[in-house]
Amino acid sequence: MRAVRAVVASAALALLVGCGSASPPAEVPKLLTRAEADARTVVPFTRGVRLDKAGRIVDVTFEAPVVVDPQMSWLKLGLRMQGADPKPVSDAADRLRRGAFQARIHLERVGGATPVPMPLSRSSDDGRGWQKLPHDGRVERLFQDSVDTYPLEQAGLLSQDMFYEVLQIADAGLIDPGRYRVTVDVVEDRPEFEGMQAEFIAAYYSIGKK
């Protein structure tokens with residue numbers, strides 16, 4: 001009987017010790033304010049932009065960090081719409097896709113003696129392949145797209161209480177770690193886009209995920 005009691009007591013003690021040493025739940029990363037997000041210069045990052053006036057809307061020098069999984073270094077450059085209600089977000093994304101939104105985008109690697117232009121591509125018109133952007137970086141159409149959400153959440157750039165839609169401007173593909181500069185110019189005034197809540201987004205996509 002004493003042996004049974006000892007075993008029961010040992011099991012109870014182990015259970016108590018186990019409960020006491022359980023790891024606390026992971027802390028939810030702090031969501032960045034607009035000003036904090038606009039100051040971030042490491043992928044992934046966002047920038048608040050307005051789309052109704054012609055001219056430069058993005059000019060960011062940033063770091064592409066070392067990525068542990070090489071399949072997650074596919075860099076996407078685009079626009080992100082967000083809001084608490086999914087319908088207005090979806091409607092805004094549809095307006096941009098249908099509106100023949102035109103821009104010029106350039107990406108270059110910096111830090112050496114001279115900047116090195118990086119090739120960019122976009123989805124083909126039929127959505128089944130890719131085509132290189134012309135030398136002037138002109139884009140005449142936006143496409144529905146997606147990026148990995150976990151790095152955005154960890155960076156404080158994604159809220160579980162918001163809905164998001166991502167539109168592709170261009171893809172940089174598998175880029176090496178280093179320092180880069182991206183610029184985006186709106187080609188013409190588009191007054192119908194005034195007040196639209198949009199961000200430029202640079203984020204990774206895992207080409208190996210199912």
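1. Phenylalanine 45 and phenylalanine 200 are both buried, where buried means under 20% relative accessible area, exposed over 50% and partly exposed in between, with a 1.4 Å probe and protein chains only. Their ring centres lie 6.3 Å apart with the planes at 45°, so the pair is tilted; rings of Phe, Tyr and Trp (its six-membered ring) pair if their centres lie within 6.5 Å, and planes under 30 degrees apart count as stacked, over 60 as edge-to-face and the rest as tilted.

2. This is a predicted model, in which local features need pLDDT of at least 70, side-chain atom pairs count only at pLDDT 80 or more, and totals for chains, interfaces and linings use all residues. Residues are numbered from 1 along each chain as its sequence is written, and side-chain values use heavy atoms, with hydrogens and water left out.

3. The average pLDDT (the predictor's confidence in each residue, from 0 to 100) is 86, and 84% of the residues score at least 70. Over residues 1–21 the pLDDT is below 50, and beyond near neighbours in sequence this stretch has zero contacts in the model, a contact being heavy atoms within 4.5 Å.

4. Phenylalanine 45 belongs to strand 1 and phenylalanine 200 to strand 12, so their pair ties together parts that are 155 residues apart in sequence; helices (H or I, at least four residues) and strands (E, at least two) are DSSP runs, numbered from the N terminus. Phe45 and Phe200 form one aromatic cluster with Phe62 and Tyr180, and the structure holds five aromatic pairs.

5. The largest nonpolar core has 40 residues, and those with the most contacts inside it include Leu51, Leu96 and Phe200; such a core is a set of buried Ala, Val, Leu, Ile, Met, Phe, Trp, Tyr and Cys residues joined through side-chain atoms within 4.5 Å. Strand 2 gives the largest share of this core, five residues. Leaving aside neighbours within four places in sequence, leucine 96 is in contact with residues including Leu51, Phe101, Leu167 and Met196.

6. Strand 11 is mostly covered, with seven of its nine residues buried. Strand 11 runs antiparallel to strand 2, to which nine bridges join it, and also antiparallel to strand 4, through eight bridges; two strands pair if DSSP finds at least two bridges between them. Within strand 11, arginine 179 stands opposite glutamate 63, while arginine 181 is the bridge partner of glutamate 108.
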